[in-house]
Amino acid sequence: MDKRITFTQAAQAVNDGSSLMVSGFLDAGHPQNLIRALREKNVRDITLISLDAGNERCEVYYFIQDGHVGHMIVSHIGRCPAASDRVIDGSMTLEFSPQGTLCERIRAGGAGLGGFLTPSGIGTEVEKGKQIIEVAGKPYILETTLRADVAFIRAQKADRYGNLYFRGNTRNFNVAIATAADYVVAEVLEYSDEPLPGESVHIPGLFVDAIAVVEDK
């Protein structure tokens with residue numbers, strides 16, 4: 001089965017009001033071309049779940065700046081002034097989640113869990129409005145899990161079955177995100193009709209619905 005589609009076709013999976021997970025640690029492992037195609041579609045009121053708000057090298061930076069995002073769940077926004085500007089002017093709402101907690105919320109969502117306990121955030125703004133559960137005399141925050149309608153991720157290599165390989169630290173959140181969305185599109189730099197060696201598969205094709213190949217490297 002050939003899972004290849006165009007970037008324009010990939011963007012059609014996201015509509016106004018959709019929830020979207022985007023991979024990457026700043027521009028490392030960030031699906032630039034998928035987000036660029038989505039900007040051209042001009043969707044609005046997106047719930048964006050991402051490690052960060054990007055920087056000037058990231059398409060997600062401009063996706064936020066241009067007003068496509070209505071709500072964002074993120075671990076930090078320090079490199080994207082437009083994110084804080086939009087929260088201040090009331091055009092976007094924002095939920096901060098500690099980086100490890102955010103990754104676990106996504107991973108647990110992909111595993112079908114309802115929540116988990118963590119000490120991260122106890123005694124800070126993070127615990128406000130959340131249930132606190134005591135275990136062995138210690139307080140823990142009950143964190144709910146995260147899933148999305150669509151996930152955009154980026155890999156180095158893919159085969160026709162959707163198996164993915166990541167190079168170095170571009171792997172970051174990609175693996176967790178690929179398990180936690182109803183429809184997963186992978187932007188890939190290299191494509192092969194032949195199956196990837198088993199030891200090179202970081203995400204099995206079972207989790208990948210479509211592949212968009214970057215032609216202009």
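I take a charge to sit over a ring if NZ of Lys or CZ of Arg is within 6 Å of the ring centre and within 35 degrees of the ring normal. The model I examined is predicted: local features need pLDDT of at least 70, side-chain atom pairs count only at pLDDT 80 or more, and totals for chains, interfaces and linings use all residues. Residues are numbered from 1 along each chain as its sequence is written, and side-chain values use heavy atoms, with hydrogens and water left out.

**Charges over rings.** I found the charged end of Lys157 over the ring of Tyr165, 5.4 Å from its centre. I also found the charged end of Arg160 over the ring of Tyr161, at 5.8 Å from the centre.

**Aromatic pair.** I looked up ring pairs (Phe, Tyr and the six-membered ring of Trp, centres within 6.5 Å; planes under 30 degrees apart are stacked, over 60 edge-to-face, the rest tilted). The structure holds one. Tyr61 and Tyr62 form this edge-to-face pair, with 4.9 Å centre to centre and 65° between the planes.

**Accessibility.** I used relative accessible area with a 1.4 Å probe on protein chains only: buried is under 20%, exposed over 50%, partly exposed in between. Tyr61 counts as buried because its relative accessibility is 7%. Tyr62, at 25%, counts as partly exposed.

**Nonpolar cores.** I define a core as buried Ala, Val, Leu, Ile, Met, Phe, Trp, Tyr and Cys residues joined through side-chain atoms within 4.5 Å. The largest has 34 residues, and Ile64 is among those with the most contacts inside it. A second, separate core of 27 residues includes Leu102 and Ile153.
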